[in-house]
Amino acid sequence: MTPSDGPQSPSPAPDGPVTDAWLVIPLYNEAPVVRDVIAQARRVFPLVVAVDDGSVDESAAQARAGGAVVVRHPLNLGQGAALQTGISYVLERTDAPYLVTFDADGQHSVLDAAAMVRAARDEDLAFVLGSRFLQGPSPVGWLKRLVLRTAAAAASHTTGMRLTDAHNGLRVIRRDAAAQLDLRQNRMAHASEIIRQLAATQLPWREFPVHIAYTDYSRGKGQSLWNSINILVDLLFS
Amino acid sequence: MSSQIIIQVLLIAAVAVVGWTMLRSPGGARHQAGRRLLTLAFVVFAVAAIVAPSLLTRLAHLVGVGRGTDLLLYALVVAFLFQILSSFRRNAARERQITRLARRVALDDAPSPPSP
């Protein structure tokens, strides 16, 4: 199916709701914030699927209260697995032309996401990747910046795509590109894997400058730098 | 003294093989057959070591190791690495199966999207 086969939604006005894209939100133990994140996001993206990755708190109920369709993993598998489940849901159960991967902790901006969908539509792009380093200074420590830059350089080298931020969770993916994804990295290494698989589609793409809100909450939940070692081992050995 | 190089080469080669196969995707029947042959060789080696300890020591001297027990220890270390490798592999394969199963269950139980 090509994007033009999707529902014939008129291009929404810049500030109107985006009805031709589903937000895919992997969710694991984010009960304190997820209801607000989803309720806020739904003002721009009314269609939201949250994949509850076996949370042990009230995350699923909170996400439902926020207005998302909630798909529940019967056990915890990891963020990569949740993302793939969300992508499969959009492909199997809807005919939406686009999907947007979005984090549950509220660090992404819905307006950035809407602008990225608009760019994908206007420029006929199969995927648009968020980058926190394209525009202006970003509040990232030097060590984290170094690790992220190294990851981006490695991803650029292996895929031939020139990337500035390989580990940004905000991505717009068109249906035909999403159909070619098969994420096998269940945990955090999926970020590198998704880039590699998208690159393999040979479809047109670009990066898009986005802002990341580093709140105390997202900082506390965010990945520690130690995790980059785990990601490396996962990528090499499985 | 200089014959020590033989055991060093053998051990480094064995460890390198473990490392290299870790990086490669698991092969099918050939991979499994290879593992079984290795296990068999190890059993023969162990029996020989028990029946004729002096044989083991002679073999050890041949490759530049002082004592037969040392050679046995080296072989054990390599065998242990192979064991780690194969259980790592099995775990990864099992995890993929569980993931597919859990995803199917989750998607089959998922609510329908809101009708426009």
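**Entry 1**

I note here that the model is a predicted one.

Next I asked which residue forms a salt bridge with A:R174. The partner is A:D124, and the closest N and O atoms are 3.0 Å apart. I then placed both residues: A:R174 is in strand 6 (residues 171–174) of chain A, while A:D124 is in the loop between helix 4 and strand 5 of chain A, so the pair ties together parts 50 residues apart in sequence.

**Entry 2: the other salt bridges**

I searched the whole structure and got eleven salt bridges over all chains. I kept in mind that side chains of opposite charge can pair when their charged atoms come close.

One of the eleven joins A:R206 to A:E123, with 2.9 Å between the closest N and O atoms. A:R206 belongs to strand 7 (residues 205–209) of chain A and A:E123 to the loop between helix 4 and strand 5 (127–131) of chain A, so this pair ties together parts that are 83 residues apart in sequence. I checked accessibility as well: A:R206 is partly exposed at 28%, and A:E123 is partly exposed at 40%.

In chain B I looked at B:D108 and B:R104, whose salt bridge has its closest N and O atoms 3.1 Å apart. These two are four residues apart in helix 4 (residues 68–109) of chain B, which means that about one helical turn separates them. B:D108 is exposed at 53% relative accessibility, whereas B:R104 is partly exposed at 38%. Through shared partners, salt bridges join A:E92, B:R104 and B:D108 into one network.

**Entry 3: the nonpolar cores**

I moved on to the largest nonpolar core, which has 36 residues. Which of its residues touch the most other members? They are A:L23, A:I38, A:F45, A:V100, A:V117 and A:V172. Among the elements of chain A that each supply at least two residues are strand 1 (21–27), helix 1 (31–42) and helix 4 (110–122). Helix 4 of chain A gives the largest share of this core, eight residues.

Leaving out residues up to four places away in sequence, A:I38 touches A:I25, A:V48, A:A50, A:A63, A:G66, A:G67 and A:A68.

I also found a second, separate core of 32 residues, including A:V69, A:A178, B:A106 and B:A110.

Definitions and conventions: Residues are numbered from 1 along each chain as its sequence is written. Chains are lettered from A and ligands numbered from 1 in the order in which they are written. This is a predicted model: local features need pLDDT of at least 70, side-chain atom pairs count only at pLDDT 80 or more; totals for chains, interfaces and linings use all residues. Side-chain values use heavy atoms; hydrogens and water are left out. A nonpolar core is a set of buried Ala, Val, Leu, Ile, Met, Phe, Trp, Tyr and Cys residues joined through side-chain atoms within 4.5 Å. Buried means under 20% relative accessible area, exposed over 50%, partly exposed in between (1.4 Å probe, protein chains only). Contact means heavy atoms within 4.5 Å. A salt bridge is a side-chain nitrogen of Lys or Arg within 4 Å of a carboxyl oxygen of Asp or Glu.
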